[in-house]
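Hi there,

Here is the structure I promised to pass on to you. Have a look at it first, and then read my notes below.

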Amino acid sequence: MKIKIYAVDKLKKEYNKLGTLDYLERIKYYIPIEVYEVTEEKLKKLISKEHYNIVLDEKGKELTSIELSQLIQKLLSSQNKDIAFFIGGSEGFSNEIKVKADFTLSLSKLTFPHELVRVILLEQIYRAFTIINNEKYHK
């Protein structure tokens, strides 16, 4: 099993690229992870029953870091599917994508630039694995 992140648009800001690379390297210690930069049209084809699909959307369910770690742990132990996170562009997702989600996640009530969302999501995935493994990162 692995984690896949599908994100609309490429990262432009260097600090977002560096943050993304940093957290990807940290996460790879726990689980294989891949990031794909795609168009929304391509996303419509990628969201499928082959993955457990988590769509990020402002109207999704807010979880604490511990709850996210519990969700990931449950999926890893009970599913034989990759976990796929979907990050939309500045306009969000069409309903066609939202209805195919297995879970809709909101990272916050705050609004973030979609480039920064990638770094925030990766940090939370890393944090989830440190929680699962009882490591000291999460306090």
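**Cavity and pocket**

The largest cavity has a volume of about 40 Å³. This is a predicted model, in which local features need pLDDT of at least 70 and side-chain atom pairs count only at pLDDT 80 or more, while totals for chains, interfaces and linings use all residues. Residues are numbered from 1 along each chain as its sequence is written, and side-chain values use heavy atoms, with hydrogens and water left out.

On a 1 Å grid over the protein atoms alone, a cavity is a set of points where a 1.4 Å probe fits but cannot get out; a pocket is an open set with protein on both sides within 12 Å along at least five of seven lines; and lining residues have an atom within 4 Å of a point. Grid points are joined across faces, edges and corners, and a volume is the space filled by probe spheres set on the points.

The structure holds one cavity of 30 Å³ or more. Ala7, Val8, Asp9, Lys10, Leu11, Ile87, His114, Glu115 and Arg118 form the lining of the largest cavity. By class, that makes four nonpolar, one polar and four charged residues (Ala, Val, Leu, Ile, Met, Phe, Trp, Tyr, Cys and Pro count as nonpolar, Asp, Glu, Lys and Arg as charged, and the others, Gly among them, as polar). Strand 1 (3-8) and helix 5 each supply at least two residues of this lining, and helix 5 gives the most, with three. Helices (H or I, at least four residues) and strands (E, at least two) are DSSP runs, numbered from the N terminus.

Asp9, one of the cavity-lining residues, sits in the loop between strand 1 and helix 1. Its phi is near 80°, a positive value in a residue other than glycine. Asp9 counts as partly exposed, at 34% relative accessibility (buried means under 20% relative accessible area, exposed over 50%, partly exposed in between, with a 1.4 Å probe and protein chains only).

The largest pocket has a volume of about 520 Å³. Its lining holds 23 residues, and Leu56, Asp57, Glu58, Gly92 and Phe112 are the ones nearest its centre. These 23 residues divide into nine nonpolar, eight polar and six charged. Strand 3 (51-62), strand 5 (103-106) and helix 5 (114-132) each supply at least two of the lining residues, with strand 3 giving the most, four.

**Helix 5 and the cores**

Helix 5 has 19 residues, and at 1.5 Å a residue they should span 27 Å, which agrees with its end C-alpha atoms being 27 Å apart (the expected span is 1.5 Å times one less than the number of residues). Of those 19 residues, 15 are buried, so helix 5 is largely enclosed by the rest of the structure. After helix 5 comes Asn134, with a positive phi near 50°; Asn134 is exposed, at a relative accessible area of 71%.

A nonpolar core is a set of buried Ala, Val, Leu, Ile, Met, Phe, Trp, Tyr and Cys residues joined through side-chain atoms within 4.5 Å. In the largest one, of 28 residues, Ile3, Ile5, Ile54, Leu56, Phe85 and Ile125 touch the most other members. The largest share of this core, eight residues, comes from helix 5. Apart from it lies another core, of 12 residues, including Leu46, Ile47, Val55 and Phe86.

Contact means heavy atoms within 4.5 Å. Leaving aside neighbours within four places in sequence, Ile5 is in contact with Ile33, Glu34, Val35, Tyr36, Phe85, Ile87, Leu121, Leu122 and Ile125.

Tyr126 lies in helix 5 and is buried, with a relative accessible area of 12%. Beyond its neighbours within four places in sequence, Tyr126 is in contact with Tyr23, Arg26, Ile27, Tyr30 and Tyr137.

Asp82 has its place in strand 4 and also counts as buried, at 16% relative accessibility. Not counting residues up to four places away in sequence, Asp82 touches Met1, Lys2, Lys4, Glu50, His51 and Tyr52.

Best wishes
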